[in-house]
Amino acid sequence: MVVRTIPVEDFDLVIFGATGDLARRKILPGLYRRYLAGQMPAEARIIGAARSEHSDQDFREEVRAAIYEFANGVDKDQIDAFLGQLHYVAIDAKGTGGWEQLKKLIRKDVVRAFYFSVAPSLFGDLAKRLSDYGIADTESRIVVEKPFGRDLESARALNATLAQHFEERQIYRIDHYLGKETVQNLMAVRFANILFEPLWNAQFIDHVQITVAETVGVGGRGGYYDNSGAMRDMVQNHLMQLLCLTAMEPPYHFDPDAVRDEKLKVIRALEPVAEGDIVRGQYQASGDAPGYLEDAENPDSRTESYVALKVRISNWRWQGTPFYMRTGKKMRARTSEIVITFKEPPHSIFDESGTQRANQLVIKLQPDEGMDLTVMIKEPGPGGMRLMQVPLDMSFADTFGPDGAEMPDAYERLIMDVIRGNQTLFMRGDEVEAAWAWADPIIEAWEQSKAQPEPYDAGSSGPEEALRLMHRDNRRWKEIRA
Ligand code: NAP
């Protein structure tokens, strides 16, 4: 199956923080892949900006190296043409140098987008200068990276600062989980098929599990992480977005505000989480792997590198169906998935006992994107009517053949959406605030308590206590497997 690519309009994209880690690993290699796919117009320009001085040529050579390292394939015949579309301006977000030069460089008659790939403390400075220098106009777009605040108060303040210079329709708060093919497919599966939606409620769904497990620890960014923890770094944003897309009502149309209105309603319907429904963990040294305290260089830290929680949604659709969420660092395998476990049939006409009979829909986001629907069938052979569970597997890489492997990654897709002016897969300001309003009391209760996080071995599936969170409800986590 051929993946269709529709070229975007001509644009000037300014990347603030163009020499940083995110730009090198994701944004610039991603743009190169879009160029190779024929989506980037030949006149479009990418303007890198950061404080350090570089000529256009130096910058291009740095980007060339980043592409070789991270782009997953290089076309030697085309890379120079792509690099020719790159420029660089030395700019200090907090100073005056470079802004006039940027103003001269940027074109007025094309889409103008500004990617803030810098520390959040600079977002306000960039927004102000873009507007003070008249570089951005009412049609320009800004892309804002995570973290968007560290609590409700800071998120509100940041929203208010950005709102002084840009309208909500110009602000693209990025959560790269929303750019994943499978996440959008979750909406397609739910709302473009008749099969699932009639069953998509508490009457037929026993529970939902959302897992984001990482094998990496916090080494290298311990200082940032130790001030944040899994609730702030993962649950309030990525896991919350997955929960919203799984639980939301059908929007009246696939339109940015219609989708985001429905997500917001889910967040507002979340019940406060009781202390007994949440488990926090911290990885400890195992074998050669150092523990969290060593990685974070803080021997007294209580910051959680793992969290598991049981969440209830107080509305008609989900009354009585819990959502269990967990995320952790230094886990056994890198995997992100949503597991919808349906209820068992009310009566079995077959004689088998002890066989798990509930259908499961597994939506896999990482490492490979795809979906599995487990169904019961008869075991093959003449041995009588014995049942077995088999997955109906839809792996995108297999289904879409060689083109599937060339699917744009989340950042590529989201940047193209910015140029197209489509905000559907970006978080709206009120959504972010509502998510903090839900997370804040959970975080505050923990910060005020004297409890210690539950230890778990680096390379394991998380703390024992998290297993008990499920066992006491007669349920089990799906195993974390590579
Ligand atoms: P980074 O590696 O520290 O890079 C920061 C960039 O900002 C550099 O290009 C730096 O270049 C520039 N910069 C610093 N101070 C500046 C100033 N006053 N004016 C203009 N430019 C300035 O950071 P990063 O990891 O790329 O992260 C960037 C943003 O993305 C952050 O908000 C981060 O939270 C977010 N994010 C990153 C990742 C990731 O995987 N890295 C993932 C998700 C979100 P100069 O020093 O030359 O100015």
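Contact here means heavy atoms within 4.5 Å. The close-ups below come from a predicted model, in which local features need pLDDT of at least 70, side-chain atom pairs count only at pLDDT 80 or more, and totals for chains, interfaces and linings use all residues. Residues are numbered from 1 along each chain as its sequence is written, and side-chain values use heavy atoms, with hydrogens and water left out.

**View A. Helices H6 and H15 pack against each other.** Helices are DSSP runs (H or I, at least four residues), as strands are (E, at least two), numbered from the N terminus. H6 (residues 152-163) and H15 (residues 429-448) pack at about 165°, their axes 8 Å apart; H6 is therefore roughly antiparallel to H15 (an angle over 145 degrees). Axes are lines fitted to C-alpha atoms over the stretch in contact, with angles from 0 to 180 degrees between N-to-C directions. On the H6 side, Leu152, Ala155, Arg156 and Asn159 meet Gly429, Val432, Glu433, Trp436, Ala437 and Asp440 of H15.

**View B. Trp99 and Tyr133 form a stacked pair.** Rings of Phe, Tyr and Trp (its six-membered ring) pair if their centres lie within 6.5 Å, and planes under 30 degrees apart count as stacked. Here the centres are 5.9 Å apart and the planes 15°. Trp99 belongs to helix H4 (residues 99-105), while Tyr133 sits in the loop between helix H5 (123-132) and strand E5 (141-144), 34 residues apart. Both Trp99 and Tyr133 are buried (under 20% relative accessible area, 1.4 Å probe, protein chains only). Ring pairs also join these two with Phe16, Phe116 and Phe123 in a cluster.

**View C. Arg173 lies over the face of Phe148.** The distance from Arg173 to the ring centre is 5.0 Å. A charge sits over a ring if NZ of Lys or CZ of Arg is within 6 Å of the ring centre and within 35 degrees of the ring normal.

Note on methods. Rings of Phe, Tyr and Trp (its six-membered ring) pair if their centres lie within 6.5 Å; planes under 30 degrees apart count as stacked, over 60 as edge-to-face and the rest as tilted. Buried means under 20% relative accessible area, exposed over 50%, partly exposed in between (1.4 Å probe, protein chains only). Angles under 35 degrees count as roughly parallel, over 145 as roughly antiparallel, 65 to 115 as roughly perpendicular and the rest as oblique.
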